[in-house]
Amino acid sequence: MPPQKKRLITAEDLYAFELLSNVRISPDGAHVIYTVQRVNRKSEKRFTNLWVVPTAGGEARQFTHGDHSDGAPCWSPDGSQIAFLSNRADKEKPPQVYLIPFHGGEARQLTSLDGEIGELKWSPDGKRLLTTVRKFDPEVLERQNNEQKKKLGVVARHYQRAFYKLDGYGYLPKERAHLWLIDVRSGKGRQLTDHAVYDEGQPAWSPDGKWIAFISNRSQDPDFYPDRDDLYVMPASGGEMRKIDTPVGGKGLPAFSPDGKWIAYLGVEGEGEWYKNLSLWQVPADGTAAPRNLTAAYDVNLGSGVINDVGSPEMMPPTWSRDGKRLFFPVTLHGSSVLMSVASDGSDLQTVIGEHGVVGAFTFDKEHARMAYFYGKMDDPAQIYVREMGKGSTRCLTRHNRALLEKIDLGQVEEVWFKGRDGNDLQGWILKPPDFDPSKKYPSIMEIHGGPITQYGWYFMHEFYYLASKGFVVYFSNPRGGRGYGEAHAKAIWGGWGDADYADLMTWADYMEAQPYIDPARMGVTGGSYGGYMTVWIIGHTQRFKAAAPQRCVSNFVSMWGSSDMNWSFQQVLNDKPPFEDLQKYWDHSPIKYIGNARTPTLVLHNEGDLRCPIEQGEQVFVALKSLGVDTEMVRFPDEFHGLSRTGRTDRRIARLNHLVRWFEKYLKE
């Protein structure tokens, strides 16, 4: 029998994808625990359970069950039990800590805290769990315990701090996050730190269990000095915290060396300079010497970020080798997130794994004989792999989503490198539709990433494949302003959005227009967030595209100042002055200034709950185009934050995709 023809991907396939995260190998290296998220199509709710897979081979199996959210699993030091967070007791409240024996037994609830619990860290002796807790505000507790007040809801919100909301979360509580210890036997929690203004976060144990390192911004007003993070150490039993002198700048994810003498952390030197590389630093734990940037000589940015719509790779702390002579960390590089290592003296940078893919969470067993890691590729959202560190061999342990994807023809992806306006090297990818015929002329869609300080690359994008399934050539690149190509590439648009980035995108469009299979009369453009900014900028500067679809865009820097959840700090991408000190700069770099030139039929998509780019940014574009007589429509998604395309309710994600297809088919096909 001839092989069965594969089908095309659909928007509804979003319901079928299983999303992996929280990959953690057991201390003995025999098993990997991880989480799998699924969507209930009827209720539109997401549920997450724990799964386990043996590293020696064998089928992955579901470890916890039920329609709730189990997450953040971590092995006890002896591997006998797993601590995790779950809302199984009350789905209307934040998760509590649970313990479950690995070799059999029921999960038992360990805590009943009135607050939001952060990631869990076992003490080296296995007797305590270290975490952060942000307690509920008193008025929230009062509402929870009074049915009438709960029914009436919030009466008013009163704030004194500048940063009072966060996209993806909502309005922030007044309480701050502080360090807590939880006794594993009794479940009793003990608060180690407390302050009305300062948060503490990202704690780490010393190997002997006597000290805790953590990050805190204790400047006079952290909301106006957000990059003044500091590294602190305090006794694990509680007591006075000690600041370790480090360069001014954002920092995080501290990790003690195996002998406890050093602390590695990730950091940027300087304030308000988002383009700078995130580097690996090392400092003596006793603070007796200045910190050293171990990756300064290599012009690499530490990170695991590659844009996708099937789950975010987890950013891990730097991990020391067992002998303390090397450190392992992820780096964003040419559309990939690769795992690298460097000697503890800053020499001998090496790539371990990850070319043409994305390494997320990675963890070693106790002996550092095996490493389990999350790995996603262009044609596979993610699987769990294990690497034998002695042999250097790897193997895939899981097959999540493979039964689905093996039935689908995704089309063909081609990587290209080309020169920008200023002779700069640029990388892009061309996705050709299934059953592509090089003798035909195709309509095309340029996709522009958000950020801008991130990257497209070697990672699965359902949206791209869905557009290609409708007969469009989809092409995407990393113009200047993004990550993966060195600090100068990221800095190129600093203070000047719409200049070098626009030139790179137009060069990319020129490159594509010259391809024999592209119809120059049927080219479209879309992008979200900063990509939405560039889409609106493009229609105000050229009419080469026959249809456009800006999504959750930035259109007016003037009105966005102070209204975004990022508040005043957006001024840092311009000249670091507020609009009332340099209004012309804001206006010159606002796409709405040039909207009078627009003639391109434009579909404006925006989310009503967007706190990052408030919906008035999209409304201005829609109303302006209407007043100009340009064919335009607006699609609004209620109750959705900025990240609808990645984390929104699935039926709304599908509606968004279908509106995009409808618009581009109308103008690029009919």
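At 52% relative accessibility, Gln412 counts as exposed, where exposed means over 50% relative accessible area, buried under 20% and partly exposed in between, computed with a 1.4 Å probe on protein chains only. The model in which this residue sits is predicted, so local features need pLDDT of at least 70 and side-chain atom pairs count only at pLDDT 80 or more, while totals for chains, interfaces and linings use all residues. Residues are numbered from 1 along each chain as its sequence is written, and side-chain values use heavy atoms, with hydrogens and water left out.

Gln412 belongs to strand 33, which covers residues 412–419; strands (E, at least two residues) and helices (H or I, at least four residues) are DSSP runs numbered from the N terminus. Leaving aside neighbours within four places in sequence, Gln412 is in contact with Ile430, Leu431 and Lys432, contact meaning heavy atoms within 4.5 Å. Between Gln412 and Arg46 there are 366 residues in sequence and 31 Å in space, taken from C-alpha to C-alpha.

Strand 33 leads us into a sheet. An open sheet of eight strands has the order 33-34-36-35-37-38-39-40, with mixed pairing, and two strands are said to pair if DSSP finds at least two bridges between them. Strand 33 and strand 40 stand at the edges with a single partner strand each, so one side of each is left without a neighbour in the sheet. From one strand to the next, the twist averages 20°. Strands of a sheet pair through backbone hydrogen bonds, either parallel or antiparallel.

Strand 39, which spans residues 602–607, is mostly covered, with six of its six residues buried. On the side of strand 38 (residues 547–551), two bridges join the strands, which run parallel, and Gln551 stands opposite Leu605 of strand 39. With strand 40 (residues 632–637), strand 39 pairs in the parallel sense over six bridges; Leu603 stands opposite Glu633 in strand 40, and the bridge partner of Val604 in that strand is Met634. Helix 10 packs on the sheet, touching strand 39 and strand 40, and its direction makes about 160° with that of strand 40. Together, strand 39, helix 10 (residues 616–628) and strand 40 make a right-handed β-α-β unit, right-handed meaning that, with the strands pointing away from the viewer, the path from the first strand over the helix to the second runs clockwise.

We turn next to a pair of helices. The axes of helix 6 (residues 500–513) and helix 7 (residues 530–539) come within 11 Å and cross at roughly 75°; axes here are lines fitted to C-alpha atoms, for helices over the stretch in contact, and angles run from 0 to 180 degrees between N-to-C directions. Helix 6 and helix 7 are therefore roughly perpendicular to each other, given that 65 to 115 degrees counts as roughly perpendicular, under 35 as roughly parallel, over 145 as roughly antiparallel and the rest as oblique. Where they touch, Asp501, Tyr502, Leu505 and Met506 in helix 6 meet Tyr530, Met534, Trp537 and Ile538 in helix 7. Ten of the ten residues of helix 7 are buried, so helix 7 is largely enclosed by the rest of the structure.

Strand 29 (residues 358–364) is mostly covered, with seven of its seven residues buried, and five bridges join strand 29 to strand 30 (residues 370–377) in an antiparallel run. The two strands form a hairpin with five residues between them, and His368 in the turn has a positive phi of about 60°.

Some backbone details remain. Most residues other than glycine have a negative phi, and most peptide bonds are trans. Asp348, although not a glycine, has a positive phi of about 60°; Asp348 is found in the loop between strand 27 (336–343) and strand 28 (350–353) and is partly exposed, with a relative accessible area of 41%. Asn567 also has a positive phi, near 60°, but Asn567 is buried, with a relative accessible area of 10%. A cis peptide bond joins Gly451 and Pro452, with omega about 0°, and Pro452 has its place in the loop between strand 35 (442–448) and helix 4 (462–469).
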